[in-house]
Amino acid sequence: MTTSNNNNKLPLRHEIGATVTPGDRLGLVTRGKTTFISGKGTYIRQGHLYSSLLGTLCATATATAATAATATHRDDNDNDAERNNEERESYIVSINSERTSSDAARLSYAKNATANCPRVGMLVLGRITRVVRPSHAQVDIVAIVPDESKQQQQQQQQQQQQQQVGSPQKQQFIIPLHEPFAGTLRQNEIRPNSSLEVRIEECLRPGDVVLAKVHANGERDFVLTTAEAELGVIRATCESSGAEMRAVSWKEMRCPASGAREGRKVAKPRQR
């Protein structure tokens, strides 16, 4: 049961119905008398709820929240203990993927997500969680990006399925992970032929979405690299205005709202 009127006022960082991307922080798991439960396309990390899919943010009231929603229609003679119990609300937060539903794509999200794991040589999508100057940046790996040959094979298969089913189908360009994997992006792996003179804070900032390659398996995480032209920051937010920035060169991005410029290791746009 979904309460659309109340969902727009939920204490989340994004409005219900907004488009979110993998790694976006949605909000605290518990905020006041509201509790959020991880649903499809979301995961919990250190008390916060995150998105693991590209799609539309949705929230569905549980039975507890539905009971609380009808409490206002009861008589004023209800005791305070009952009211306090009913005021506690819980919602299942999920992401409605932008993929179209078809017979060929009706696989369980859990099966699709947990069957994949980053491996050396793979392209991955991650979000910068922390920049430790001057040595490295910590990354949450949230999705795998198939290589071009696999994408071509998928496209051919989808074209054949489209001819059989008779309905258009979108191509899936990323494979979301059910849980994020830890990654490290070292200073000397940021730019091609980079040296210790590279200032990591001028290339990456917390919250940036990066396209990287798994360079090696570390002891506790994956060692990543962006030392190729096609790798680097693909999405960044301006610290002053909060607007999404646009690339103006291979090492700089500009805010369309304030005009401010910030240094980044910008990824060259991929051709599809």
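The following legends describe close-up views of a predicted model.

**View 1. Stacked tyrosine rings.**
The structure contains three aromatic pairs. One of them is formed by tyrosine 43 and tyrosine 50, whose rings are stacked, with 5.5 Å centre to centre and 15° between the planes. Tyrosine 43 and tyrosine 50 are both buried.

**View 2. An edge-to-face phenylalanine pair.**
A pair of aromatic rings is described by the distance of the centres and the angle of the planes. For phenylalanine 181 and phenylalanine 222 the centres lie 6.0 Å apart and the planes stand at 70°, so the pair is edge-to-face; the angle required for this class is over 60 degrees. Phenylalanine 181 has a relative accessible area of 26% and is partly exposed. Phenylalanine 222, at 12% relative accessibility, counts as buried, because buried means under 20%.

**View 3. Strand β7 and its partners β1 and β8.**
Strand β7 (residues 55–61) runs antiparallel to strand β1 (residues 19–20), and two bridges join them. Within this pairing, valine 20 stands opposite glycine 55 in β7. Strand β7 is also joined to strand β8 (residues 89–97), here by seven bridges and again in antiparallel fashion. Alanine 59 has valine 93 in β8 as its bridge partner.

**View 4. The open sheet of β15, β16 and β17.**
Three strands make up an open sheet in the order β15-β16-β17, with antiparallel pairing. Strands β15 (246–249) and β17 (261–263) stand at the edges; each has a single partner strand, so one side of each is left without a neighbour in the sheet. On average, neighbouring strands of this sheet are turned by 35° against each other, direction ignored. Strand β16 (residues 252–254) is joined to β17 by three bridges. Among the paired residues, methionine 253 has glutamate 262 in β17 as its bridge partner.

Salt bridges that share partners join Glu262 and Arg264 with Arg205, Asp208 and Glu239 into one network.

**View 5. Salt bridges between partly exposed residues.**
The structure holds 11 salt bridges, and two of them are described in this view. Arginine 199 and glutamate 202 form a salt bridge, their closest N and O atoms being 3.4 Å apart. Arginine 199 is partly exposed, with a relative accessible area of 46%, and glutamate 202 is likewise partly exposed, with a value of 41%. In the other salt bridge, the side chains of arginine 235 and glutamate 244 meet at 3.9 Å, N to O. Arginine 235 counts as partly exposed at 26% relative accessibility, and glutamate 244 is partly exposed with a relative accessible area of 44%.

Conventions. Residues are numbered from 1 along each chain as its sequence is written. This is a predicted model: local features need pLDDT of at least 70, side-chain atom pairs count only at pLDDT 80 or more; totals for chains, interfaces and linings use all residues. Side-chain values use heavy atoms; hydrogens and water are left out. Rings of Phe, Tyr and Trp (its six-membered ring) pair if their centres lie within 6.5 Å; planes under 30 degrees apart count as stacked, over 60 as edge-to-face and the rest as tilted. Buried means under 20% relative accessible area, exposed over 50%, partly exposed in between (1.4 Å probe, protein chains only). Two strands pair if DSSP finds at least two bridges between them. Helices (H or I, at least four residues) and strands (E, at least two) are DSSP runs, numbered from the N terminus. Axes are lines fitted to C-alpha atoms, for helices over the stretch in contact, and angles run from 0 to 180 degrees between N-to-C directions. A salt bridge is a side-chain nitrogen of Lys or Arg within 4 Å of a carboxyl oxygen of Asp or Glu.
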